[in-house]
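Below are some notes on side-chain packing and one annotated site. Please read them alongside the coordinates.

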Amino acid sequence: MWAVGLVAVTLVVIYFSHLIMKWKNPKIDGVLPPGSMGWPLIGETLQFIAPGRSLDLHPFVKKRMQKYGPIFKTSLVGRPIIVSTDNEINKYIFQHEGTLVELWYLDSFAKFFALEGETRVNAIGRVHRYMRGITLNHFGVESLKESLLPKIEDLLHTNLSKWATQGPVDIKQVISVMVFNFTASKTFGYDAENSKEKLSDNYTRMMNSFISLPLNIPGTSFHRCMQDREKMLKMLKDTLMERLDDPSKRRGDFLDQAIDDMETEKFLTVDFIPQLLFGILFASFESISTILTLTFKFLSENTRVVEELAAEHDAIVRKRENPNSRLTWEEYKSMTFTQMVVNETLRISNIPPGLFRKALKDFQVKGYTVPAGWAVMLVTPAAQLNPETFKDPVTFNPWRWKDLDQVTISKNFMPFGGGTRQCAGAEYSKLVLSTFLHILVTRFRFTKVKGGDVSRTPIISFGDGIHIKFTAKN
């Protein structure tokens with residue numbers, strides 16, 4: 001009897017060994033890049049989410065670049081992935097969005113957004129063009145010049161004045177709340193002061209589960225975040241239905257334009273519009289708050305930068321007939337050193353570890369095959385942290401931008417993505433950052449009280465936070 005059992009165990013071992021070998025060495029028509037697939041199901045996920053204690057490329061990417069070269073294969077949360085740190089390959093793939101690749105997220109992201117079917121929010125074609133158009137209509141250059149700039153200036157001054165009365169504040173937390181509430185107000189009329197739900201808290205909890213196994217099981221962090229997501233979508237849908245039922249509640253905002261367009265754009269359903277709003281809120285919530293928080297870390301460690309910023313903005317104020325007049329678009333565009341500070345922060349920050357796409361069909365890059373259905377991770381931060389282009393790349397040095405020509409910048413600086421998926425809110429983000437710096441150095445003083453540790457997990461995190469004390473200038 002024991003011999004039968006031994007044979008059975010041997011067969012099971014052989015079977016699973018075969019599965020593991022098949023996983024580690026997938027057969028395709030062509031040559032895969034070098035690399036390791038890790039273990040079935042988990043792949044190399046644990047190494048990917050292990051914290052890196054620097055603003056340099058995450059150790060997961062850097063170690064594999066050194067071992068395998070600029071393009072390699074791996075697996076994350078059970079998905080086979082080609083990782084490219086090669087700038088030429090990345091640009092080539094960006095240019096062929098919709099023919100070779102489409103937008104893709106890790107499964108934990110995908111469950112937050114509508115990523116299946118012809119009307120998925122990552123769709124190429126009519127849906128994508130509409131989403132980009134409506135975003136530019138409300139947060140693009142013309143909207144910024146005509147209406148948003150004074151509102152952003154008021155928002156930032158009001159919040160900085162409030163923080164100056166509160167003692168040290170965790171700057172990431174307060175900026176996150178400020179940015180979320182403002183964006184929510186402009187997209188669907190959210191009134192943070194009078195709302196029973198603090199929606200920014202929901203988004204903060206969601207961020208904790210994005211790079212994780214999507215186990216929607218009661219008791220897990222991911223399950224709680226999915227519950228927060230459902231609450232948020234229900235609230236957005238309720239708001240949509242209220243406006244559809246009662247035109248007197250219309251405000252002329254982002255949501256109202258989507259309602260007006262429902263007759264001509266058939267994909268704009270009562271289920272799709274809440275998903276669209278959900279994505280817009282997410283996009284603004286994390287990016288601006290992270291970049292501004294990182295800005296405070298850099299400024300607190302570089303007094304010379306603060307002094308030059310103050311000189312530039314004091315000069316802007318002195319040129320005005322009325323020193324207390326509002327910031328103008330022309331003044332914003334004249335902020336030469338401020339733009340250098342913003343660019344340098346964007347260059348180093350690299351909030352996501354890379355941009356994900358999925359291959360629509362087999363295609364070749366530099367002698368390797370990217371198989372259809374495989375994910376592709378485009379590590380654009382590799383170009384922005386390349387020591388051959390940017391000397392001492394992790395060092396915060398705004399003055400380096402004086403010597404960089406436009407060709408070098410266009411090839412190696414893509415903080416808002418590339419190709420057809422370049423962020424429609426790029427100018428909005430830069431305006432918020434520049435306006436914040438203008439108000440900060442002309443009307444307030446600040447001191448870092450504690451904190452400042454930064455890590456990549458693989459997105460940027462700030463440990464116990466960065467706590468800043470503000471005081472108003474007399």
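1. The charged end of R304 is placed over the ring of W399, 4.0 Å from the ring centre. R347 likewise lies over the face of F390, here at 4.9 Å from the ring centre. Both placements should be read as features of a predicted model.

2. There are 17 aromatic pairs in the structure. One of them joins F296 and F446 edge-to-face, with 5.4 Å centre to centre and 90° between the planes. F296 belongs to helix α12 (residues 272-300) and F446 to strand β9 (residues 444-451), so this pair ties together parts that are 150 residues apart in sequence. F296 and F446 are both buried.

3. F296 also pairs edge-to-face with F470, at 5.7 Å centre to centre and 90° between the planes.

4. Ring pairs link F296, F446 and F470 with W163 and F436 into a cluster.

5. C423 is listed by UniProt under "binding site", in an unreviewed entry. C423 is located in the loop between α17 (406-412) and α18 (426-443). Is C423 buried, partly exposed or exposed? Its relative accessible area is 35%, so C423 is partly exposed, the range between the 20% and 50% cut-offs. Apart from neighbours within four places in sequence, C423 is in contact with R132 and F416.

Conventions:
Residues numbered from 1 in each chain as written. Predicted model: local features only at pLDDT ≥ 70, side-chain atom pairs only at ≥ 80, totals over all residues. Heavy atoms only, no water. UniProt positions renumbered as here; feature names shortened; annotations may be inferred. Helix = DSSP H or I, 4+ residues; strand = E, 2+ residues; numbered from the N terminus. Buried < 20%, exposed > 50% of the residue type's maximum accessible area, 1.4 Å probe, protein only. Contact = heavy atoms within 4.5 Å. Phe/Tyr/Trp six-rings, centres within 6.5 Å; stacked < 30°, edge-to-face > 60°. Lys NZ or Arg CZ within 6 Å of the ring centre and 35° of its normal.
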